[in-house]
Structures are given as C-alpha cells and as structure tokens.
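Here is a short report on one protein chain. Please look over its sequence and fold before reading on.

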Amino acid sequence: EAVVLTLGGTLGSVTAARLLWQALTDGKKKRPSETNTSQSAQSDTLHALKGSLVIVGFFVLGVLCSLMGIVPGHVGSRVSFYALCGLMTCVGISVGNDPQTLKNFRSLNPRLVFLPVMTILGTLAGTAVVSLLLTHRSLTDCLAIGSGFGYYSLSSIFITEYRGAELGTIALLANISRELLTLLAAPLLARWFSPLAPISARVSGQEFVVVSIFHGFVTDFSVPFLVTLFCSL
C-alpha cells in the first residue's frame with residue numbers, strides 16, 4: 001500500500017510541476033543545469049540518503065524493541081506526543097535561526113509561488129486516483145497519507161493519533177519511500193518532468209535553493225493542517 005501511494009503521490013506532484021514549468025517557459029524546452037549531476041550534487045544526495053536510512057533504522061529499532069517487550073506498547077503514544085512537540089520546536093528553531101531564509105524569499109520569482117500549490121494539488125490528485133485501487137481504504141485515508149508530502153516524521157505521528165498505528169505505519173513507509181525515491185531518481189525526474197519536479201517530490205539542486213526553501217516551508221507548514229483535516233473527515 002505504501003509503495004502504491006508513494007508512486008501515485010509522486011507522479012501527481014511531478015506532473016503538476018511539469019505543467020507549471022511549461023507555463024513559465026511558454027512550452028519551450030530548456031535543458032536542466034548540469035549542477036544536478038555534478039559531484040557536489042551527488043555528494044548532497046548521498047548525504048540526504050544516509051539521513052533517511054538512519055531514520056528507517058530507528059523505526060526498525062523501535063519495532064524490534066516493542067516486539068521483544070523492551071519498551072511497553074502503552075508508552076508509545078505518550079512518547080510520540082512528546083516527540084512531536086519536540087519536533088515542532090526544533091522546526092521553529094531552525095526557521096528562526098536562519099535570517100537568510102526571509103531574505104531568500106524576497107528574491108523568489110513571483111510566478112514560482114504557485115509551485116507549492118501545484119505540489120499539493122498534484123499529490124492529492126495522485127493519491128485520490130490510487131484510492132480507487134485500494135478499495136479497502138477510504139479516500140480520506142489516502143489523502144491524509146499523501147498530505148505528508150514526504151514529511152514522514154510529522155505526518156505519521158498525526159495519523160497514528162487519529163487513525164491508529166496501522167495507517168500511521170503505512171504513512172511513515174509511504175513518505176519515507178517518497179523521499180528515498182526522489183533522492184535516487186532526482187536526475188531522471190529533472191530530465192523527464194522539468195527541473196521543478198525534484199523540488200515537488202522533495203529535493204533539488206543548488207540552482208533552485210531559494211525555490212526549494214520556499215516550497216519546503218509552505219508544504220511542510222501545510223502538513224499538520226491537511227493531515228488533521230482529512231483524518232477528521
């Protein structure tokens with residue numbers, strides 16, 4: 001289920017990014033910068049991939065600790081809540097600690113402000129289509145998972161609190177898979193769906209840092225609102 005939701009959400013978001021890129025370039029094809037395939041970009045990708053694999057490792061560790069009885073199951077919900085509060089605090093600190101972020105927003109191409117909107121709409125459209133295949137899952141369940149936009153640590157905790165551990169685990173795996181897929185396939189996404197596609201999926205190169213910061217800020221900020229909205233329907 002996680003794999004299917006990953007493919008649906010990612011395909012929807014990169015397709016929406018391609019449509020926006022075509023609108024911005026008036027349909028003219030432009031070759032992506034070779035920055036994305038440079039040694040520096042590859043190093044950044046490997047570093048981000050390593051971070052994602054570490055997160056997966058801790059998830060597996062938690063499952064093993066619970067199965068072996070090392071950590072009581074009833075403690076998990078309280079720990080998840082405190083971890084969520086700590087996570088939101090760290091996000092706020094990271095944003096407030098970087099004054100350059102606000103300066104970068106001022107230099108953003110005004111037309112690129114629509115990229116987060118396209119990512120959100122494309123992802124929700126893709127997961128809505130996938131819900132037709134996963135007949136045992138409701139539309140709102142699929143939309144809630146898709147609304148994580150690759151932000152696995154936050155969305156999975158919300159979904160677990162609202163819909164239970166099973167759907168929360170699917171959300172965690174789906175959003176981790178989305179980030180891993182993007183990290184591994186970023187050059188192909190840029191080639192097939194435009195340079196904006198890796199940003200919509202989660203990651204891009206140095207050339208689009210400002211756009212990525214703005215896009216990540218908007219989509220990540222929307223996660224708690226959209227996930228809780230669909231979980232409460």
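This is a predicted model: local features need pLDDT of at least 70, side-chain atom pairs count only at pLDDT 80 or more; totals for chains, interfaces and linings use all residues.

Residues are numbered from 1 along each chain as its sequence is written, and side-chain values use heavy atoms, with hydrogens and water left out.

**Overall fold**

The protein chain has ten helices and zero strands. Helices (H or I, at least four residues) and strands (E, at least two) are DSSP runs, numbered from the N terminus. Of the 233 residues, 42% are buried. Buried means under 20% relative accessible area, exposed over 50%, and partly exposed in between, with a 1.4 Å probe and protein chains only. The chain exposes about 12700 Å², and carbon and sulfur atoms supply 68% of that area. Accessible areas come from the Shrake-Rupley method with a 1.4 Å probe; for residues, only the protein chains shown count as cover. Take contacts between residues at least 6 apart in sequence: 78% of them join residues at least 24 apart. A contact means heavy atoms within 4.5 Å.

**Nonpolar cores**

A nonpolar core is a set of buried Ala, Val, Leu, Ile, Met, Phe, Trp, Tyr and Cys residues joined through side-chain atoms within 4.5 Å. The largest has 26 residues; Leu5, Ile145, Leu154, Ile159, Val223, Val227 and Phe230 touch the most other members. Elements giving two or more residues to this core include helix H1 (2-24), helix H5 (115-133) and helix H10 (209-232). H10 supplies the largest share, five residues. A second, separate core has nine residues, among them Ala17, Leu20, Leu24 and Val211.

Leaving out residues up to four places away in sequence, Val223 touches Ser147, Gly148, Phe149, Tyr151, Leu154 and Ser155.

| Residue | Relative accessible area |
|---|---|
| Ser13 | 0% |
| Thr25 | 8% |

Ser13 lies in helix H1. What does Ser13 touch, not counting residues up to four places away in sequence? Its partners are Thr119, Gly122, Thr123, Arg178, Ser200 and Ala201.

Thr25 sits in the loop between H1 and helix H2 (39-67). Its side chain reaches the backbone oxygen of Trp21 at 2.8 Å. A polar contact is a pair of N or O atoms within 3.5 Å; within protein, one must be able to donate a hydrogen and the other to accept it, and residues adjacent in sequence count only if both atoms are side-chain atoms.
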